[in-house]
Amino acid sequence: MTSRRLLLIGLALLPFAGVARAETFATQAMTVADMQANGGLIVDIRTPEEWAESGVIEGARLVTFDGAESFLAALGPDLASGRDLILVCRSGRRTAAAADALAGVIPNRIISVDGGMIAVMQGGYSPVPAP
């Protein structure tokens, strides 16, 4: 890993310095209305191909989870306020793994949406086209 990359990751994590870390995460069934009412940062961690295929939740950040460091480098400033991190994938498996990787690293409460986009769409939500 290059020193520049390490510096960028360090800068992204700076707002979390000295803050207690979340030790666990929650797996929770949520509608899009529930997610939006929560006020948390909704992040769709699927791949660009999946976003194009099925659409996305309007207003969600689209960041494929390839590891905690790159993920936090992309989202660090958006999480600095301490708001919940709401993770969505296709079925909920990847978000559970991502949440597990992030628990203990950030202080934010982490929610893995149970059933992922499959459950969200079965609940009646119509995704919007990916940008």
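Analyst: Two strands are said to pair if DSSP finds at least two bridges between them. This is a predicted model, and in it the bridge partner of Thr27 in strand S5 is Ser112.

User: What makes strand S1 and S5 a pair?

Analyst: Strand S1, residues 26-28, is joined to S5 in the parallel sense over three bridges, and the cut-off is at least two bridges, so the two strands count as paired. S4 and S5 likewise pair in the parallel sense over three bridges, and Leu85 has Ile110 as its bridge partner in S5.

User: Why is Thr95 called buried?

Analyst: Thr95 has a relative accessible area of 0%, and buried means under 20%, so Thr95 is classed as buried. Thr95 lies in helix H5, residues 93-102, and touches residues including Ile45, Leu87, Cys89 and Val113, when residues up to four places away in sequence are not counted.

User: What makes the approach of the Thr95 side chain to the side chain of Ser112 a polar contact?

Analyst: The two side chains come to 2.6 Å, and the cut-off for a pair of N or O atoms, one able to donate a hydrogen and the other to accept it, is 3.5 Å, so the pair qualifies. The Thr95 side chain also reaches the backbone oxygen of Gly92 at 3.0 Å.

User: How do you know that the buried residues of H5 line one face of the helix?

Analyst: In H5, Thr95, Ala98, Ala99 and Leu102 are buried. Viewed down the axis of H5, its buried residues fall within an arc of 100°, so they line one face. Arg93 and Asp100, on the other side of H5, are exposed, while the cover over the buried residues includes helix H4 (68-79), strand S4 (85-88) and strand S5 (110-113).

User: What makes a set of residues a nonpolar core, and which residues have the most contacts inside the largest one?

Analyst: Such a core is a set of buried residues of nonpolar kinds, joined through side-chain atoms within 4.5 Å. The largest has 17 residues, and Val43, Phe71, Leu85 and Leu87 have the most contacts inside it. Strand S2 (41-44), H4, S4 and H5 each supply at least two residues of this core, with H4 giving the most, four residues.

Note on methods
Residues are numbered from 1 along each chain as its sequence is written. This is a predicted model: local features need pLDDT of at least 70, side-chain atom pairs count only at pLDDT 80 or more; totals for chains, interfaces and linings use all residues. Side-chain values use heavy atoms; hydrogens and water are left out. Buried means under 20% relative accessible area, exposed over 50%, partly exposed in between (1.4 Å probe, protein chains only). Contact means heavy atoms within 4.5 Å. The arc is that of the directions from the helix axis to the C-beta atoms.
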